[in-house]
Amino acid sequence: MSLVASDETRFPPITRRLRLGFVGGGRGALIGQVHAMGARLSNRWQAVAGALSSDPEVALASGRDWLLDRVYTDYQEMARHEATLPDGIEAVVISTPNWTHKNIAEAFLKKGIDVICDKPLTTRVEDALELVRLQKDTGLVVGVTYPYTSHAMVRQARELVLAGELGRVRQIHVEYMQDWATEPDDPNFKGARWRRDPQRMGRASATNDIGTHAFHLAHFVTGLEMVQCRAEFHVCGAPKAMEDTAFVQTRYEGGVPGTLWVTQAAPGNYCGLRIRVYGDKAGLEWDQEKPEFLRFNRLNQPETVFVRGHGAGMVTQAERLITMPRGHPEALSDAWANLYTEFAIAIEARRNGKSVPAGLLNYPSVADGARGVKFVDACADSHEAGSVWRDCKIVI
């Protein structure tokens, strides 16, 4: 059994660190720090500029915290100025609240700067499709940060499904359970306030916040597109203006049925993202809180448990994402690093006018982001119409 990656399974070696900018993510923000950690851990980026807050004082203080070369108090000024510099940023990370994503992404794309955007891509389908068109027109890279699919064992699961090891897929079940919305919202948590405001959050709260992760995971692992959904929204925790729980029946291409369940009001659950896929030959199960392991069961055969590491049944697409031998755990921070590695390879290749070998990268694209926006919209349509079936496939 090998303890290290072979040359065939490695990503291309780093030639230099790309220059990265950030919009959002300053003092008091969680997700921006997570983005920055993933970029640093990938060893392929150097953060050099940012407009880290809409509050000018916080933006300047945060820029000093991050040791940035250039600090801005306005993202539009940042986009204009960085595009004129010989050592300007080569990509920008958007880690701001949902409703701001579209305008920020548009500002940087129009200046020729590649974009890495937090999910959801936008709050409106029309805006998502505008970014899809802009990406096509410019040829720039637009990545969306669904980090869970950058776990090695999720790539292993995907390759098992695509190789036909499960046979014909017959059902898909995915869930994401948390408990932080069981009690009344903390008045000091700014993120809770905008997550309850449909003018800023979009048409759904928990479905937008964590349901999009579950939606993308199911599509990524199976390769099947969700075509219809039937949703019920509920408030199962403390009273609030928008749903904290959603029960969704799903139908995928080929008539494959499934379920998607999300809740932020299930006491004792922290980050319970799980997928189960069953075919006519076998089934598999992966749990985000136990990311090192992938259960695989052939019908009427002993259970197989794949353990993250080199060799021992791991496929090339999964081994590329592994940095430590078995028994030395990797976690969500490593998945973020994998995601930023793939973004860097794609952006460097585009900027150098080179093509990326087929099958090397599998990062979430602007099209994946648009699919997630359409899913949320279809769920909201379904719920508001009395939980009827609605089409959720988007034409891109």
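Biologist: Why is Arg276 called partly exposed?
Modeller: Arg276 has a relative accessible area of 22%. Buried means under 20%, exposed over 50%, and partly exposed in between (1.4 Å probe, protein chains only), so Arg276 counts as partly exposed. This is a predicted model, where local features need pLDDT of at least 70, side-chain atom pairs count only at pLDDT 80 or more, and totals for chains, interfaces and linings use all residues. Residues are numbered from 1 along each chain as its sequence is written, and side-chain values use heavy atoms, with hydrogens and water left out.

Biologist: What makes Glu175 buried?
Modeller: Its relative accessible area is 8%, so Glu175 is buried.

Biologist: How do you know that the side chains of Arg276 and Glu175 meet in a salt bridge?
Modeller: A salt bridge needs a side-chain nitrogen of Lys or Arg within 4 Å of a carboxyl oxygen of Asp or Glu. For Arg276 and Glu175 the N to O value is 3.1 Å, and they form a salt bridge. This pair links distant parts of the chain, with Arg276 in strand E11 (residues 272-279) and Glu175 in strand E7 (residues 169-177), 101 residues apart. Strands (E, at least two residues) and helices (H or I, at least four) are DSSP runs, numbered from the N terminus.

Biologist: Which residues are linked with Glu175 in a network of salt bridges?
Modeller: Arg274, Arg276, Glu285, Arg295 and Glu303 are in that network with Glu175. The structure holds 31 salt bridges.

Biologist: What makes Arg16 and Glu90 a salt bridge?
Modeller: The closest N and O atoms of Arg16 and Glu90 are 2.4 Å apart, and the pair forms a salt bridge. Arg16 lies in the segment before strand E1 (18-23), and Glu90 in the loop between helix H3 (75-82) and strand E4 (91-94), 74 residues apart.

Biologist: Is Glu90 buried or exposed?
Modeller: At 4% relative accessibility, Glu90 counts as buried. Arg16, at 36%, counts as partly exposed.
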